[in-house]
Amino acid sequence: AIFAFWDERAETRHAIAACRAALALDGLTREMAADRSIWSFEEFPLRMDWALATGRVVIKSMGGDRPTGLSMVGEPVVLAFRIEKLADETTGPILACAQTMQLAADRFSFRDLGEVQAKGFESARKIFALIGEKRDDGG
């Protein structure tokens, strides 16, 4: 698992950065999968799925005076974990929550995947597939 977070309150900028990062990492994964000198397991194709969720989290260090890692909890962490599992060939590899989509919609194209009932949540959540960055000509 790869986990990234931004620790300021500029959510729009962070949603845009997260979308760019997911697209770049997905592109890199595809390149690696196609290069047999990197990924030689044809019978086990290399595939990674990505989930973007926006919101507040709590971060704590583990290990007391000598921190050995971070622990992060909050609804966005759980939501990202849950929606990532829904990614497949029909959705595409990058899924996003409604808040991430709304914050990044001016710069990126998304496809509405409808509502899903994510495990551990009382109500269904809208999710979206991140398609790509919009071009300057509006496309």
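This briefing covers the sheet, the hairpin, the nonpolar cores, the salt bridges and the cysteines of the structure above. The model is predicted. Four strands make up an open sheet with mixed pairing, in the order E1-E4-E6-E5. The largest nonpolar core has 15 residues, and its largest share, five residues, comes from helix H1. There are seven salt bridges and zero disulfides.

**The four-stranded sheet**

- The strand order is E1-E4-E6-E5, and the sheet is open. E1 and E5 are the edge strands, each with a single partner strand, so one side of each has no neighbour in the sheet.
- From one strand to the next, the twist averages 30°.
- E1 and E4 run parallel and are joined by three bridges. Within this pair, Ala-51 is opposite Leu-95 in E4.
- E4, residues 94-97, pairs with E6 in the antiparallel sense, over three bridges. Here Leu-95 is opposite Ala-129 in E6.
- E5, residues 108-116, also pairs with E6 in the antiparallel sense, over seven bridges. Val-116 has Arg-125 in E6 as its bridge partner.
- In a regular strand, side chains alternate between the two faces of the sheet.
- Helix H2, residues 75-84, lies across E1, E4 and E6 and runs at about 145° to E1.

- Strand E2 (residues 58-62) pairs with strand E3 (residues 69-73) in the antiparallel sense, over five bridges.
- Lys-60 is opposite Ser-71 in E3.
- Six residues lie between the two strands of this hairpin, in which Gly-63 has a positive phi near 110°.

**Nonpolar cores**

- In soluble globular proteins, nonpolar side chains tend to be buried together.
- Among the 15 residues of the largest core, those touching the most other members are Cys-19, Leu-52, Ile-94, Ala-104, Phe-108, Phe-110 and Leu-130.
- At least two residues of this core come from each of H1, strand E1 (50-52), E4, helix H3 (98-104), E5 and E6. H1 supplies the largest share, with five residues.
- A second, separate core has 10 residues, among them Ala-87, Leu-95, Phe-121 and Ile-127.
- Which residues does Leu-52 touch, not counting those up to four places away in sequence? The contacts are Ala-18, Cys-19, Ala-22, Ile-83, Ile-94, Leu-95, Ala-96, Cys-97, Thr-100 and Leu-130.

**Salt bridges**

- Side chains of opposite charge can pair when their charged atoms come close. The count in this model is seven salt bridges, and three of them are described here.
- Glu-133 and Arg-20 form a salt bridge in which the closest N and O atoms are 3.0 Å apart. Because Glu-133 is in strand E6 (residues 125-133) and Arg-20 is in helix H1 (residues 11-34), this pair ties together parts that are 113 residues apart in sequence.
- Glu-133 is partly exposed at 40% relative accessibility, and Arg-20 is partly exposed at 38%.
- Arg-47 and Asp-49 form a salt bridge with their closest N and O atoms 2.8 Å apart. Arg-47 is partly exposed, with a relative accessible area of 38%, and Asp-49 is partly exposed at 22%.
- Arg-36 and Glu-42 form a salt bridge at 4.0 Å, N to O. Arg-36 is partly exposed at 41% relative accessibility, whereas Glu-42 is exposed at 57%.

**Cysteines**

- A disulfide is a covalent bond between the sulfur atoms of two cysteines. The structure holds zero disulfides.
- Cys-19 is buried at 0% relative accessibility, and Cys-97 is buried at 6%.

**A glycine in H1**

- Gly-27 is located in helix H1 and is partly exposed, with a relative accessible area of 26%.
- Gly-27 and Ala-4 are 23 residues apart along the chain, and their C-alpha atoms are separated by 17 Å.

Note on methods: Residues are numbered from 1 along each chain as its sequence is written. This is a predicted model: local features need pLDDT of at least 70, side-chain atom pairs count only at pLDDT 80 or more; totals for chains, interfaces and linings use all residues. Side-chain values use heavy atoms; hydrogens and water are left out. A salt bridge is a side-chain nitrogen of Lys or Arg within 4 Å of a carboxyl oxygen of Asp or Glu. Buried means under 20% relative accessible area, exposed over 50%, partly exposed in between (1.4 Å probe, protein chains only). Two strands pair if DSSP finds at least two bridges between them. A nonpolar core is a set of buried Ala, Val, Leu, Ile, Met, Phe, Trp, Tyr and Cys residues joined through side-chain atoms within 4.5 Å. Contact means heavy atoms within 4.5 Å. A disulfide is a pair of cysteine sulfur atoms within 2.5 Å. Axes are lines fitted to C-alpha atoms, for helices over the stretch in contact, and angles run from 0 to 180 degrees between N-to-C directions.
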